[in-house]
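Here are a few notes to go with the model, jotted down while looking through it. Have a look at it first, then read on.

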Amino acid sequence: MRMQDKSVIVTGGASGIGLASVERCLQEGANVVIADLENSGGQARATELNGKHQGRCVFQAVDVTDTAQVDRLFADTVAELGSVDAVFNNAGIGGTCAADELEDDEYLRIIDINLNGVFRVARAALQVMYRQGSGSIVNCASILGVFGQTGTAAYTAAKGGVVNMTRTLAIEAAKKGVRVNAIGPGYIDTPLLAALDQELLDGLISLHPIGRLGRAEEIANAFLFLASDEASFVTGAHLLVDGGFTAGKS
Ligand code: NDP
């Protein structure tokens, strides 16, 4: 068991990559908090998963745009589980719009969830982990943190910010027993892509030399590695898990 008795928080844990990561950590012996929006279905997921594994799975309603809710998540987790050993800073939204038509409200909403939300969660995690003298934070970035793509000005700004903020957090935390890394998924088959039509999906698939979309479990496995002691010398990394997308054209 690679995460025996560890306490793990997964934001956006009710769906897609987050939910797969919750299950993966439970399989490896962790107690896991699904931190997601009130109406995300997180309570039902936690109820389903509880009892299937040795570790506990609990749900806490959290909106990562709300600092008080984020701080309460960490205080409650320490009170209930005793520590926070790993965090997957994974909550995020998509959104496609040409830059010249992108309204302030939509731009700011994407930045507030995908970038500011990652900061709020990381700050709260660092405060707890510095007191413990240990911990691992994994931020969910994207191939669109290192590549541009038409229609994604806000998303790419946010994810690029996550990649570089991860480096700064990593060097600040390095001597305090805390590691901070990012994962850069390629396109992954989750509800985030549900709005895309088949023609667009086929185009996206063709950008991955491996020739398919990724599976949520494949990102969960990368999270598990970075969260666990197996990655004890890894910090400040942006681990691309992208079927070769960023390696070049096949
Ligand atoms: P999903 O939509 O399946 O899951 C995202 C989860 O985040 C949902 O449960 C969603 O809740 C939750 N969420 C949204 N807003 C908030 C908020 N303000 N506070 C707390 N939780 C929130 O998407 P994925 O699993 O695909 O995405 C997970 C992460 O992976 C995101 O950061 C995304 O940007 C990143 N990513 C995804 C890729 C992909 O191709 N799928 C590629 C690269 C990166 P609700 O459903 O209720 O809105």
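What percentage of the 250 residues in the protein chain do the buried residues make up? They make up 50%, where buried means under 20% relative accessible area, exposed over 50%, and partly exposed in between (1.4 Å probe, protein chains only).

1. Ground rules. This is a predicted model, where local features need pLDDT of at least 70 and side-chain atom pairs count only at pLDDT 80 or more, while totals for chains, interfaces and linings use all residues. Numbering starts from 1 along each chain as its sequence is written, and side-chain values use heavy atoms, with hydrogens and water left out.

2. Overall build. The protein chain has seven helices and seven strands, counted as DSSP runs numbered from the N terminus (helices are H or I, at least four residues; strands are E, at least two). Read from the N terminus, the order is β-α-β-α-β-α-β-α-β-α-β-α-α-β.

3. Size and packing. The C-alpha trace spans about 45 × 35 × 35 Å along its principal axes. Of the contacts (heavy atoms within 4.5 Å) with a separation of 6 or more, 73% are between residues 24 or more positions apart.

4. Helix H3. Residues 67-81 make up this helix of 15 residues, and its first and last C-alpha lie 21 Å apart, close to the 21 Å expected at 1.5 Å a residue (the expected span is 1.5 Å times one less than the number of residues). Its buried residues are Val70, Leu73, Phe74, Thr77 and Leu81. They sit on the same side of H3, because they cover an arc of only 85 degrees around the axis, taken from the directions from the helix axis to the C-beta atoms. An α-helix has 3.6 residues a turn, so residues three or four places apart point the same way. Among the elements covering that buried set are strands S1 (7-11) and S2 (31-36), and helix H4 (104-132).

5. Ends of H3. Aspartate 66 caps the N-terminal end, with a side-chain oxygen 3.0 Å from the backbone nitrogen of alanine 68. Just after H3, glycine 82 has a positive phi of about 95 degrees.

6. Cysteines. There are zero disulfides (pairs of cysteine sulfur atoms within 2.5 Å). For cysteine 25, the nearest cysteine sulfur is that of cysteine 57, 10 Å away. Cysteine 25 is buried, at 0% relative accessible area, whereas cysteine 97 is partly exposed, at 24%.

Methods
Polar contact = N/O pair within 3.5 Å; in protein donor to acceptor, adjacent residues only side chain to side chain.
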